[in-house]
Amino acid sequence: VSGCSGPAGERPALVAIVGSGCAGTLVAANLLRRAHGALRIVLVERSGRFGPGVAYATEDPQHLLNVPAERMSAFCDEPSHFAEWAAERIRGLAPASYLPRGVYGEYLRSVLADSRARARPQRRTLELVSGEAAGLKRTPNELELRLADGRRIVCDRVVLATGPPEGAAIEQLPSDPRVIADPWAAAALGSSVASGLTLVIGTGLSGVDATLSITAGRGRVLALSRGGRLPYAHLPGLHTPTPPPPIPSGSLRLDELERIVREHVTAAQRRGHDWRAAFDGLRPITPELWAALSPQERRRFLRERLRSWEIRRHRMAPAVGARLRALLDSGALEHSAGSIVAARASSGGVEVDVAPSRPGPIRTIACERVVVCTGAGKDVRQSSNPILRALLADGGASADELALGVRCSADGALLDSDGHADGRLFTLGALRRGELWESTAVEEIRAQAERLAIAIERSLSGSAPSPAERASSNGKALIGVTTRPPVGGRNRIEVPR
Ligand SMILES: Cc1cc2nc3c(=O)[nH]c(=O)nc-3n(C[C@H](O)[C@H](O)[C@H](O)COP(=O)(O)OP(=O)(O)OC[C@H]3O[C@@H](n4cnc5c(N)ncnc54)[C@H](O)[C@@H]3O)c2cc1C
């Protein structure tokens with residue numbers, strides 16, 4: 001790749017990245033760290049926070065990473081980058097420590113600042129724009145990213161790093177200040193600690209975090225979900241994942257896939273490994289296993305097996321597991337299986353009617369407040385994110401078969417509604433989970449961010465991928481991506497008067 005300037009070499013190409021959570025930040029950092037000539041990078045972020053995104057903005061020190069420090073590096077080629085950064089700041093840190101997520105947010109900020117400082121001699125620049133991306137005008141010669149406040153950014157490439165679509169509202173719940181729809185909104189759980197019962201809806205990792213914050217005061221929690229099951233905890237220490245089984249050829253039914261997983265876990269246990277290490281060993285081949293299921297079988301997995309997968313795959317830090325056990329023992333936490341059938345605001349709080357998951361009478365729970373922790377949305381077409389809505393509406397992006405996210409090439413180039421990649425729009429992370437399934441955690445995001453930076457530069461210079469780059473593309477050939485160099489004109493960021 002020989003630099004990313006415009007055709008006459010008179011201006012650097014401009015890459016706009018929408019979203020500066022972990023994913024957008026790491027794409028920017030990779031672009032800044034690559035030494036291939038001038039490039040303008042513009043990070044557009046609506047929260048005003050550049051780096052931490054939703055997961056790592058929490059200031060509650062009880063909210064821990066669910067991955068040990070040694071495995072949270074931002075960069076594939078520097079596996080201890082985070083652990084070393086943290087060791088300089090935290091005395092006596094062990095590589096197997098599960099650090100507060102707020103510390104990781106600081107790390108992402110510092111990765112961005114450091115990459116920016118290192119990029120100067122390469123004439124690579126980073127501009128931070130606070131605002132919400134609301135639309136994208138595409139012509140053959142130009143991309144124009146439109147912000148909700150009217151500003152426009154004329155650019156050569158756009159990366160959607162918006163995180164997952166937001167979860168659907170629970171329509172039975174009343175609109176009331178005591179119903180907290182977004183536990184991650186600033187100060188949602190902070191100072192207003194309830195002393196009575198809080199109903200936490202969702203028993204996944206976000207529900208666990210909300211429980212820790214609420215019970216740190218005098219509050220009690222009833223955690224409710226359809227299955228009612230809490231996640232498993234990690235074993236203390238660093239454990240090497242068991243090598244995965246061979247990838248089966250051809251398509252799989254869900255019961256065949258379950259048999260492969262069961263046999264893999266049993267064989268690992270016979271060799272003295274814990275089931276958790278066996279489960280972690282499946283991670284590198286999860287996209288291939290997922291791809292072997294037909295869309296019908298994937299839907300069946302989502303309907304019938306999702307929770308059972310999630311409580312094993314997304315585990316709590318050991319200290320969090322111990323704390324939950326203590327809360328259960330003391331009665332400060334209860335968990336229950338059921339679904340909400342009706343709810344209303346009352347003078348003392350909120351009354352919620354819950355139908356149990358097994359046959360039984362509906363019961364009414366009177367609580368001080370309700371916190372919704374049901375996690376990411378499961379239908380990208382229902383997203384209220386304006387840039388996603390605009391792209392899905394004009395065919396610039398297309399939902400994957402399960403509508404968990406969008407369709408992409410192996411490198412993350414968006415496929416339009418005809419299945420073609422324009423070659424100028426890219427995405428990564430949660431929006432790819434429909435096609436990859438395992439695509440939301442740092443381990444996958446950092447690899448995708450690195451590949452995306454290479455693919456963007458390649459597309460800007462009009463060069464074909466090298467054999468090594470092709471090989472690093474997840475082992476898959478690129479599908480339908482046209483590599484287009486930027487077309488003339490000047491990049492502009494316009495602010496309306
Ligand atoms: C509570 C929680 C804990 C987690 N813990 C871990 C962990 O310990 N280890 C791990 O590996 N993974 C963890 N994860 C997984 C996590 O999702 C990823 O690690 C990562 O944070 C996802 O980053 P992202 O940038 O894709 O999404 P997000 O963090 O959601 O960031 C997206 C950003 O885009 C912005 N945005 C969205 N739309 C627009 C728009 N239209 N215009 C402008 N800006 C926009 C948002 O404001 C946001 O800042 C956790 C996830 C959650 C939710």
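Analyst: A backbone N or O atom of Arg-46 lies 3.2 Å from a nitrogen atom of the ligand. This is a polar contact, defined as a pair of N or O atoms within 3.5 Å; within protein, one atom must be able to donate a hydrogen and the other to accept it, and residues adjacent in sequence count only if both atoms are side-chain atoms. The model is predicted, so local features need pLDDT of at least 70 and side-chain atom pairs count only at pLDDT 80 or more, while totals for chains, interfaces and linings use all residues. Residues are numbered from 1 along each chain as its sequence is written, and side-chain values use heavy atoms, with hydrogens and water left out.

The ligand has 32 residues around it, and the nearest are Glu-45, Tyr-56, Asn-66, Asn-385 and Val-442. A residue is near a molecule or strand if one of its heavy atoms lies within 4 Å of it. Asn-66 also places a polar backbone atom 2.7 Å from an oxygen atom of the ligand. For Thr-440, a polar backbone atom is 3.4 Å from an oxygen atom of the ligand. On its own the ligand has 990 Å² of accessible area, and the protein covers 89% of that. The elements that give two or more residues to the shell around the ligand are α1, β2 (39–45) and α13 (442–461). Accessible areas come from the Shrake-Rupley method with a 1.4 Å probe; for residues, only the protein chains shown count as cover. Helices (H or I, at least four residues) and strands (E, at least two) are DSSP runs, numbered from the N terminus.

Next comes a loop residue. Ser-439 sits in the loop between α12 (433–436) and α13. Ser-439 counts as buried because its relative accessibility is 0%; buried means under 20% relative accessible area, exposed over 50%, and partly exposed in between (1.4 Å probe, protein chains only). The side chain of Ser-439 reaches the backbone oxygen of Gly-429 at 2.8 Å. Not counting residues up to four places away in sequence, Ser-439 touches residues including Gly-429, Arg-433, Glu-444 and Gln-448, where contact means heavy atoms within 4.5 Å.

Arg-298 belongs to helix α8 (residues 295–304), and its side chain reaches the backbone oxygen of Gly-434 at 3.4 Å. With a relative accessibility of 12%, Arg-298 counts as buried. Beyond its neighbours within four places in sequence, Arg-298 contacts Trp-290, Ala-291, Leu-293, Leu-402 and Gly-434. Leu-254 is 44 residues away from Arg-298 in sequence, and the two C-alpha atoms are 7.7 Å apart in space.

Helix α2 (residues 81–89) has these buried residues: His-81, Phe-82, Ala-83, Trp-85 and Ala-86. An α-helix has 3.6 residues a turn, so residues three or four places apart point the same way. The cover over the buried residues of α2 includes α1 (22–33) and α3 (101–119). Cys-22 is buried, at 8% relative accessibility, and Cys-155 is buried too, at 3%. The count of disulfides is zero; a disulfide is a pair of cysteine sulfur atoms within 2.5 Å.

There is also a sheet to describe. Seven strands form an open sheet with mixed pairing, in the order β8-β14-β9-β10-β11-β12-β13. Its edge strands, β8 (179–180) and β13 (363–367), each pair on one side only. Two strands pair if DSSP finds at least two bridges between them. Strand β11 (residues 333–346) runs antiparallel to strand β12 (residues 349–356), joined by eight bridges, and a hairpin of two residues connects them. Gly-338 has Pro-356 as its bridge partner in β12, and Ala-343 has Val-352. On to the next strand, β12 and β13 pair antiparallel over five bridges, in a hairpin with six residues between them. Val-354 has Arg-363 as its bridge partner in β13. Six of the eight residues of β12 are buried, so β12 is largely enclosed by the rest of the structure.

For the chain as a whole, there are 14 helices and 17 strands. Of its 497 residues, 51% count as buried. Among contacts with a separation of 6 or more, 70% come from residues 24 or more positions apart. The chain exposes about 21800 Å², with carbon and sulfur atoms supplying 51% of it.
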